[in-house]
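Here are a few friendly notes on the aromatic rings and the charges beside them. Have the model open as you read.

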Amino acid sequence: MDYKKLGFKAGLEIHQQIDSSKLFCSCPSALREDEPDFTIKRELRAVPGEHGEIDVAAFYEQLKGKHFIYEGYDKNSCLVELDEEPPHAINQEALRIALTVAKMMHCDISDEMQVMRKTVVDGSNTSGFQRTVLIGRNGWIKVNGKKIGINYLILEEDAARRTAEDAKSVTYRLDRLGIPMLEIVTAPDMKTAEEVKETAKVIGMLLRSTGKMRRGIGTIRQDVNVSIKGHSRVEMKGVQDLRVMIRYIEKEVERQVKTKGKEEPHVRNVKPDFSSKFLRPLPGAARMYPETDIPLVRPDLKGIKLPELIDEKVKRFEKWGLGKDLALLIAGSEKAGLFEELVKKHKKIKAGFIAETLTGTLLELKREYKIEEVSEDDLRKVFDYLSEGKIHKDIILSVLVDMGKGQFDVKKYEGLSTEDLHKEILKVIEENKGAPFGAMMGKAMARLKGKASGEQVAQMLKELLKGHAGK
Amino acid sequence: MNIRAGDRVKLKTEKEEIEGVLMPSSEADVVVVKLDNGYNIGINKNKIKNMKMVEKHKEKEIKKKTIKEKTGLPTITILHMGGTIASKVDYATGAVKPKFTPSELLELFPELGEIANIKSRLVGNLLSGNMRFSHYNLMAKEIEKAVKEGVDGIIVTHGTDTLHYTSAALAFALEDLGVPVILVGSQRSSDRGSSDASMNLICAAQFVVKSNFAGVAMCMHKSMDDKFCGILPATKTRKFHSSRRDTFKVINAKPWAEVSKKGEIKWLDKSYDKKDKKKKLSLKLFKDLKIGILKAHPNMFVEEIKAYSSFDGIILEGTGLGHFPVLEYDKLTAEHTKILKEIEKLAKKMPMVMTSQTIYGRVDMNVYAYGRELLKAGVLGNYADMTAETAFVKLAWLLSNKMDVKENISKSLRREINERIESKEDFLE
């Protein structure tokens with residue numbers, strides 16, 4: 001299909017949760033799956049506008065006539081989420097992060113920002129509206145050398161999440177309600193499906209470069225707006241997976257060609273088989289009015305420092321001898337800072353080994369030994385011991401396992417003297433007369449594990465065998 | 001060039017050109033503009049190079065709807081005194097506009113149309129903390145008008161902050177009331193879909209129509225759920241939480257009933273006055289008297305008592321069973337004798353009525369020495385269990401109507417005093 005001929009236009013809308021406490025209260029931003037502490041029953045009404053405009057999307061929702069059940073946890077939701085207390089002042093940390101991203105995307109930032117109420121009547125906000133504030137406008141990013149416009153950068157609260165539904169009610173869990181989110185709306189500057197994917201990649205990298213975004217499933221949501229000439233805009237919801245994004249877009253273009261433009265602008269849910277289903281009509285112009293419980297926000301831009309982009313970090317790490325994949329892995333991880341610190345301190349240890357330890361080895365610790373965390377201080381100690389020659393890099397996995405279990409004792413790992421090593425290896429030779437070298441190495445390493453490096457043992461074994469053979 | 005809020009404007013700063021609708025701004029040095037995407041932004045005035053009008057604001061016509069009265073339905077008059085129970089948002093300007101006419105109320109609460117024929121009058125729209133005794137008289141007169149029109153009940157919309165003062169005031173002022181007068185407020189603004197206004201109003205209407213209750217009461221959420229509203233006694237209720245929907249709780253008594261939007265009524269106390277439209281209502285209004293409320297606390301000074309010397313009456317919020325620091329204990333408490341002398345002096349000039357700052361429980365100044373001193377000094381209110389707010393209203397009312405305070409203050413005239421307080425496992429429940 002010739003996308004240019006078709007007049008293909010696409011834009012991205014990305015929602016990314018910020019790693020801070022909630023936007024308008026001090027509750028922690030965390031999702032939970034255990035049994036909720038309380039439930040509350042509520043009804044919501046659609047509030048018509050002054051001029052009788054009943055928003056199409058809102059009306060559609062109200063028709064279903066269901067009531068809402070909100071379930072929550074005492075530690076994660078306070079009276080603000082329950083719509084039983086006015087919102088607190090905007091979370092300064094979340095605001096700072098939003099301003100940082102706005103600057104990274106070259107946006108215009110207003111002198112004063114007003115938090116708005118955006119009417120929402122599907123029950124996902126207990127108050128019947130979402131609090132949202134415009135942070136940046138008219139920005140741009142470069143994607144493979146081309147400028148892609150960033151129309152808006154918005155800071156807003158995430159909604160409650162649907163956990164159940166039946167004929168009479170919809171149940172929402174309040175843990176997610178209030179988590180701060182960045183909404184990035186690009187201009188419809190993308191002219192191919194590939195360009196959409198690349199843009200999503202770059203935006204993702206920029207956001208992760210702040211080190212302040214929440215990670216995990218559901219922390220980022222992506223919608224792609226697609227239209228061809230003569231067809232109204234269709235918003236495809238939930239296109240997070242970059243690996244299959246192009247296929248979804250292609251399928252939608254095919255679909256739009258078939259329907260020949262006889263549709264209203266609407267939202268579609270994507271399905272695993274690459275088809276999509278009509279979800280609801282696109283709401284009309286955003287129904288927003290000022291959140292008068294919160295005074296105008298005057299952003300302080302003085303303290304804002306732009307972080308180094310992950311892409312830049314990767315280039316630096318490659319210069320230190322890391323392969324591209326390992327560089328990308330460590331640069332995008334939470335251990336990037338520690339990595340740099342250790343490389344600078346331990347000039348004699350290979351940067352690649354440090355990176356591998358902080359990524360692959362820690363992952364192995366999780367998978368094989370069920371050790372979730374080793375503290376940064378413990379990691380620093382390990383490399384100190386390594387530099388001092390107190391432990392050997394071959395046995396670093398065992399050291400980390402012990403540290404993870406809280407059982408580390410450096411004495412256990414101090415290298416044996418040559419004499420002691422001698423004695424042990426001789427014992428192995430005696431006990432395994434006639435065994436092949438490989439088998440003896442195995443037995444020797446099992447016995448001497450952690451006390452000498454494989455090279456040492458192999459060398460000594462060879463020498464002693466020679467000497468022994470001579471006997 | 002006369003540019004006003006609501007006009008579409010284009011303004012130029014050094015960096016850019018911004019177009020949108022001019023909004024009213026709460027800050028003098030900031031211009032607020034609504035962009036086409038709906039968001040408002042603020043620009044420092046000193047950064048604006050020029051601003052020109054793109055299009056003048058046109059007041060869009062609001063189609064007026066006429067409602068047909070249903071035959072066979074009872075009639076309720078809604079008197080608006082504040083506590084905006086109904087509003088619409090003008091998305092073009094972001095303004096929230098309160099709505100008072102019957103047709104607007106029926107548009108926003110179509111359920112009302114199934115319950116009763118609605119008359120509606122705007123009496124005032126004040127923040128309830130601003131109310132004065134004259135406003136109680138205003139409300140009482142409007143209620144009298146409605147009663148004379150033969151309506152089946154009256155709903156008064158009111159701010160929640162002092163709703164309990166007004167409910168007590170109306171209970172006293174409306175003597176021989178033969179129909180229900182239900183006060184309704186909302187803790188969440190009515191421009192939002194989650195507002196408690198709609199349920200409070202509809203439950204009040206259901207209660208008026210489906211029960212034979214007469215008298216003043218308030219109708220507010222029973223819990224944080226949208227399940228039931230409580231019909232709460234006018235003189236035994238108080239606002240207990242600054243923001244929760246279920247902020248109103250009853251003290252030393254029970255709610256009359258619980259009501260749902262569908263009109264189910266669960267009675268908790270059936271000793272109410274029965275509806276009788278033939279009863280002749282008489283108004284006993286308030287004079288603009290000076291009544292103060294003084295709260296006892298550690299480290300008090302005689303000046304605090306003296307401050308009320310020119311008043312017509314004082315309500316004392318004593319500690320515990322009804323105490324003020326009027327006895328000396330050691331060298332440090334010399335001030336207390338001064339306080340006692342001042343109270344003795346004032347008690348000769350004006351009624352001083354004791355209540356307890358514990359809110360729950362009864363006043364009994366016989367038990368401790370300083371209580372007995374207060375009784376000797378002439379402080380009234382012994383054995384009563386009125387809240388300070390209800391006592392305040394009652395004292396003002398007794399004085400306004402030239403009734404003997406000593407004789408009437410500890411007598412229950414509008415169920416404001418309990419002869420008996422029953423035990424409950426959790427008295428706060």
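1. Start with a lysine: the charged end of B:Lys274 sits over the ring of B:Tyr272, 4.2 Å from its centre. Sitting over a ring requires NZ of Lys or CZ of Arg within 6 Å of the ring centre and within 35 degrees of the ring normal. In chain A, the charged end of A:Lys147 is placed over the ring of A:Trp140, at 4.3 Å from its centre.

2. A word on the basis: this is a predicted model, with local features needing pLDDT of at least 70 and side-chain atom pairs counting only at pLDDT 80 or more, while totals for chains, interfaces and linings use all residues. Residues are numbered from 1 along each chain as its sequence is written, chains are lettered from A in the order in which they are written, and side-chain values use heavy atoms, leaving out hydrogens and water.

3. Rings of Phe, Tyr and Trp (its six-membered ring) pair if their centres lie within 6.5 Å; planes under 30 degrees apart are stacked, over 60 edge-to-face and the rest tilted. In one of them, B:Tyr165 and B:Phe392 have ring centres 5.9 Å apart and planes at 85 degrees, so they are edge-to-face.

4. Both B:Tyr165 and B:Phe392 are buried (under 20% relative accessible area; exposed is over 50%, partly exposed in between, with a 1.4 Å probe and protein chains only). B:Phe133, B:Tyr136, B:Tyr165, B:Phe286 and B:Phe392 form one aromatic cluster.
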